[in-house]
Amino acid sequence: MTLVRTILGKPEGAIGLGILAILATLALLAPVLFPGDPLRIAGPALKAPFSDAAFPLGTDRLGRDVLAGIVHGARTSLFVGLAAALAALAIGLSVGLTAGFAGGLADEALMRVVDAFQIVPGFLLALAFVSVIGASVPVVVLAIALGAWADPARLTRAEVLSVRERDYVSAARVLGMHPVEIAFREILPNVLPPVLALSAIIVAAAILTEAALSFLGLGDPNVVTWGSMIAEGRNVLRSSPFLSIFPGLALVVTVVGVYLLGEGLTNALAGNDDPPCRPASPRRRRDMGDPSIRRGGEGSPLCTIENFSVTHRGQDGPALNKLDLTIRKGGRLAIIGESGSGKSTLARALAGLLPDGARAEGRISWAGGAAPLAGRDLGFVLQDPSASLNPVLTIGEQVAEGARQHLGLSWPDARSRALDMLVRVQLPEPEKLLKAYPHQLSGGQRQRVAIAAALAARPGLLIADEPTSALDMVVQAEIVTLLDELVREAGMTLIFVTHDIALAAGFADHVAIFREGRLVETGPAAAVLTAPREAYTRMLVASHRDLATPPLIGGIVP
Amino acid sequence: MAGSVNRALRIAGRRVLASIPVLLIVIVLTFLLLETASGDAVDAYLLSIGGGDATVAEGLRQAYGLDQSMPARLWLYLSALARLDLGRSVAFDRPVLGLVFERLPNTLLLMASATALAFGLGSALGILAGARPGSLRDRLLSTASLIVYAIPGFWLGLVLAIVFAVQLRWLPTSGIETIASGRTGLSRAADIAAHLVLPVGTLALIYTALYLRVMRAGMAGIWRLDFALFARAKGLSRRRIVLRHVARNALLPLVTMLGLQSAAMLGGSVVIESIFAIPGFGRLAQEAVSGRDTALLTGIIIVSAVLVMLVNLAVDIVYAALDPRVGASEPGR
């Protein structure tokens, strides 16, 4: 199965599966390896470990073989852990599916029961249950399940609610499929993966709960368990601590195995191969200012890109392939391409913000020598303003922090700078906004805030990576107008990444067309868009017949 | 600021209202569970004092209302609860409420110290690990925390007791304070503190591992988000990106975990208190189990449910203070 292969592909999954496979084999072979009742007296009492080949781990107070006990104990631990987790998952899945699918009053009532089971400590419940019914393996299994089913029930219900309204489920409903059939055929397969990921934690908790119960003397007295062995060793803890230590180590190894397997399973189910984007090593050019970006020399090269390629970690082909491009000072360059064309990779490479593990080759040389420092020399605006602002910090702090960092301002000064910026991006009631949080703003307002934050330290270059794609048409036009004004006022260089050739046409003086990591064509916007040399550009232009319609902002269409 | 206080109060009020039916369910469920017991508290009591004749048993049952029908007993119990009367413990021959409140402070002290320690240490180490996911430091901390979190609390307690109390003789192994020592004031506090080092350390170590893992996982997820990239694009210092942008957001699931774990920690106090012989709430539960003390066991479960509820309420208020989005869609903002 591919899932097993994926789990084995990562060290945690492989080690976890290995540990559990060995333990399961030992548990299954226990009657063969150590025949007879492990609770019977086998030799002299309190033999020290590693002193007698017949009893490698020694004997306890009654002369029972410790190693035999541990191997037999694995049977109880693994069986109770698995059975209790399965029972908890079965109850949790049924309750969660019913609640999520039924909705209304039934959902409300079931969830209150789930709440009740979540606020009662599961261990106390298991304790009470076992003591009331009497200790035996099935009762212990049930008791542990009783304290553990609420989490999977809540998770299942949440997952059901999230898939319930999706198109394929609605379609099944419209087609008249029976609700039970929908639940099993359409919903369960989608709900199962996150619940499976939770199951490892439930198995581990069940093993630990069983051990704690039998440690307190509430396990089945007729089987040997690690918990009861630890409790037994406690009586001679001072003289023979190993009697308690060995079974405890067996417990730790088992639970580690379950956790590792669970992590492998979670990663495999999530397809979690991409490394998290984390900051690259600190950049050392902090103090090498680059005034040349800002000052004079309109039209002279700001940045020359030669034979530049980028390959992202875990990908075969390069995202950018042998790129040659010159960016002119004071210009407005539109980088145009479909998704996967490498345009965003270029934007991030220019800003020094390539994701961790991306491999860059070739040269990017900047006028003035040092590369611009993101935030200070170049501003960067991302596509989705609702994702690019930190949800728990105030607008004021998020706009001010860049100014404080790069302009050497105190917090109060940085805040008044932030206020200026909010006025500059034409946001209403800027003073109130300083104290507001992103969720209180509309999408267009958030993008204005992001632009204000990106420009707070007065950079000479602005890179905008699809800054309007997440916004609706009217707001798009407003944001483009704003960018146009800001760039003009400050004499900034603008690099505008977009898939929208119409937008670029009304805005840029130069364009660069990208496709599949390669530069297709570049040149003055008017020339390239009216008389494209390449077939791909011609196709792009042709597919946007509305180029002839009035552009979003005042007629600079060539 | 007044707005956020209002928001917190509104959330608290709603939670208290929502908790009433949940608490009723808890009461009924525990009552039903304990009703299924074979033999009642009177049987257990008579057994413990070496037997008694049927008239004595009958008299006791009448005195405690145990001879009535089940719905009648449930109604009796509910109406008594409404008067904050949790019944009488047969084993201790005392009111349950008094017993519980006598034992609760020790457990609360144990749990609060362990939680504070674990939360502080766990989040700090989690930030160290999550600052650079995938780095050597992260791998070491993640592996160590995985192993520590797999250790059963009662066994860790025993091992720590062997090392620090038996071998090194640094710390006392049992009790909450030295009995009949006549200490007062600071000296008594120091004595209690010394007794708490091992049990608190045991609980805190395990929960440190948990909080480390939650913090680290949260940060690893947040590094992928756009606002982490945007913070880098602003050229902020690494320290500010890690603490103010990434860790600050990863703190939210950690606070949630604080509430979720309170029930598990209360359950865990049973074994920890049993090992270190701390006369607390958890040990009372064990004593109730061995004494088959129905009223006491029911009372313990209900009080622990109320306790967990209160902790969750506090956590919700803290969460609302940390996350401005909570309750924002409410009318009347």
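How many of the eight residues of helix H9 of chain B are buried? Seven of the eight are, so to speak from the definition, under 20% relative accessible area. And before I go on: this is a predicted model, so please hear everything that way.

Okay, that helix. H9(B) runs over residues 226-233 and is mostly covered. The buried ones are Phe227(B), Ala228(B), Leu229(B), Phe230(B), Ala231(B), Arg232(B) and Ala233(B). Note that Arg232(B) is on that list. What do these residues pack against? On the chain A side, you get helix H12 (343-350), strand E5 (378-381), helix H13 (385-388) and helix H17 (443-455). From chain B itself, helix H8 (185-223) and helix H10 (238-275) join in. Just after H9(B), Gly235(B) takes a positive phi of about 70°.

Staying in that area, let's look at Gln398(A). Its place is in helix H14 of chain A, residues 395-407. Buried or exposed? With a relative accessible area of 1%, Gln398(A) falls under the 20% cut-off and therefore counts as buried. Leaving aside residues up to four places away in sequence, Gln398(A) touches Leu389(A), Asn390(A), Leu393(A), Pro438(A) and Ala453(A), plus Lys234(B) from the other chain.

Zooming out for a second. Chain A is divided into domain 1, residues 33-258, and domain 2, residues 386-459. Taken over C-alpha atoms, the centres of those two domains are 51 Å apart.

Now the cores. The largest nonpolar core has 171 residues, and the members touching the most others are Leu127(A), Leu213(A), Phe154(B) and Ile300(B). Helix H9 of chain A, residues 179-215, gives the most to this core, with 17 residues. Apart from that core lies another one, of 72 residues, including Leu378(A), Val449(A), Leu455(A) and Val475(A). Back to Ile300(B): which residues does it touch, not counting those up to four places away in sequence? From chain A there's Leu124(A), and from chain B there are Val100(B), Phe281(B), Leu284(B), Ala285(B) and Ala288(B).

There's also helix H10 of chain A, residues 226-234, where Trp226(A), Gly227(A), Met229(A), Ile230(A), Glu232(A) and Gly233(A) are buried. Those buried residues pack against helix H3 (66-102), H9 and H11 of chain A, and against helix H7 (153-167) of chain B.

On to the rings. Searching the whole structure turns up seven aromatic pairs over all chains. Take Tyr259(A) and Tyr149(B): they're stacked, 5.7 Å centre to centre with 20° between the planes. Tyr259(A) sits in helix H11 (residues 242-270) of chain A and Tyr149(B) in helix H6 (residues 136-149) of chain B, so this pair joins two chains. At 12% relative accessibility, Tyr259(A) counts as buried, while Tyr149(B), at 21%, counts as partly exposed.

Another pair is Phe164(B) with Trp170(B), and this one is tilted: 5.8 Å centre to centre, 40° between the planes. Phe164(B) is partly exposed at a relative accessible area of 27%, and Trp170(B), at 61%, counts as exposed.

The charged end of Arg332(A) sits over the ring of Phe507(A), 5.5 Å from the ring centre.

Note on methods
Residues numbered from 1 in each chain as written. Chains lettered and ligands numbered in written order. Predicted model: local features only at pLDDT ≥ 70, side-chain atom pairs only at ≥ 80, totals over all residues. Heavy atoms only, no water. Domains from an automatic or database assignment. Core = buried A, V, L, I, M, F, W, Y, C linked by side-chain atoms within 4.5 Å. Buried < 20%, exposed > 50% of the residue type's maximum accessible area, 1.4 Å probe, protein only. Helix = DSSP H or I, 4+ residues; strand = E, 2+ residues; numbered from the N terminus. Contact = heavy atoms within 4.5 Å. Phe/Tyr/Trp six-rings, centres within 6.5 Å; stacked < 30°, edge-to-face > 60°. Lys NZ or Arg CZ within 6 Å of the ring centre and 35° of its normal.
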